[in-house]
Amino acid sequence: MRSSTYNTSGRMQLTDFLARNVHKQYSVQALHAALAKEGIAIGKSSLYRQLERLCEEGVVRKFRDAEKDLSFFQYIGSDEDCAKHLHLKCRTCGKLIHLHCDAAGELVAHIAAEHGFAIDSKKSVLYGTCKECGGQKNG
């Protein structure tokens, strides 16, 4: 009987690659190409299965970019704190920023209290432009 955490060589290589690229998000196609470039051969169907398992286990997060009509995956490891903050994604460079900010927490609380809507912070992604790519600087 296979365990849901069965560690194959491909799974370990995939997890290691994602952990080394923790601030990047990949579509399945981009991840498949990046793995191949590093000499890691994982078939696309196996890649899909492994990513879904890693998502179920909370090791990888999946989010949907409706504008591009693609799903993206990112390593979160055992970052249980990831569920406690919002996320910012730069549309230019693709960097994902974990927003550890009291004001963001206040916004989430306000939305829950005043609008009756509970935000799933772990799956939150706000899109914009980071300061390195020309976003506005805090003054």
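Lys84 sits in the loop between strand E2 (70-75) and E3. Helices (H or I, at least four residues) and strands (E, at least two) are DSSP runs, numbered from the N terminus. With a relative accessibility of 67%, Lys84 counts as exposed; here buried means under 20% relative accessible area, exposed over 50%, and partly exposed in between (1.4 Å probe, protein chains only). Lys84 and Leu99 are 15 residues apart in sequence, and their C-alpha atoms lie 9.4 Å apart in space.

## About the model

This is a predicted model, in which local features need pLDDT of at least 70 and side-chain atom pairs count only at pLDDT 80 or more, while totals for chains, interfaces and linings use all residues. Residues are numbered from 1 along each chain as its sequence is written, and side-chain values use heavy atoms, with hydrogens and water left out.

## The overall layout

The protein has 4 helices and 5 strands. Reading from the N terminus, the elements follow the order α-α-α-β-β-β-β-α-β. Of its 139 residues, 35% count as buried.

Contact means heavy atoms within 4.5 Å. Among the contacts in the protein with a separation of 6 or more, 54% come from residues 24 or more positions apart.

## The sheet around E3

Let's move on to the strands. Two strands pair if DSSP finds at least two bridges between them. An open sheet is formed by 3 strands in the order E4-E3-E5, with mixed pairing. E4 and E5 are at the edges with a single partner strand each, so one side of each has no neighbour in the sheet. On average, neighbouring strands of this sheet are turned by 25 degrees against each other, direction ignored.

Strand E3 (residues 86-90) has 4 of its 5 residues buried, so the rest of the structure largely encloses it. E3 pairs with strand E4 (residues 96-99) in the antiparallel sense over 4 bridges, and with strand E5 (residues 126-128) in the parallel sense over 3 bridges. Lys89 stands opposite Leu96 in E4 and opposite Tyr127 in E5. His87 has His98 in E4 as its bridge partner. The hairpin of E3 and E4 has 5 residues between the strands, and there Gly94 takes a positive phi near 85 degrees.

Now for the helices. Axes are lines fitted to C-alpha atoms, for helices over the stretch in contact, and angles run from 0 to 180 degrees between N-to-C directions. The axes of helix H1 (residues 9-20) and helix H2 (residues 28-37) come within 11 Å and cross at roughly 100 degrees. H1 and H2 are therefore roughly perpendicular, a label for angles of 65 to 115 degrees. Leu14, Phe17 and Leu18 of H1 meet Leu31, Ala34 and Leu35 of H2. By class, this contact has 6 nonpolar, no polar and no charged residues. Ala, Val, Leu, Ile, Met, Phe, Trp, Tyr, Cys and Pro count as nonpolar, Asp, Glu, Lys and Arg as charged, and the others, Gly among them, as polar.

H2 also crosses helix H3 (residues 44-56): their axes come within 11 Å, at roughly 115 degrees. H2 and H3 are therefore roughly perpendicular to each other. On the H2 side, the contact is made by Val28, Gln29, Leu31, His32 and Leu35, and on the H3 side by Lys44, Leu47, Tyr48 and Leu51. By class, the contact of H2 with H3 has 6 nonpolar, 2 polar and 1 charged residues.

Key. Angles under 35 degrees count as roughly parallel, over 145 as roughly antiparallel, 65 to 115 as roughly perpendicular and the rest as oblique.
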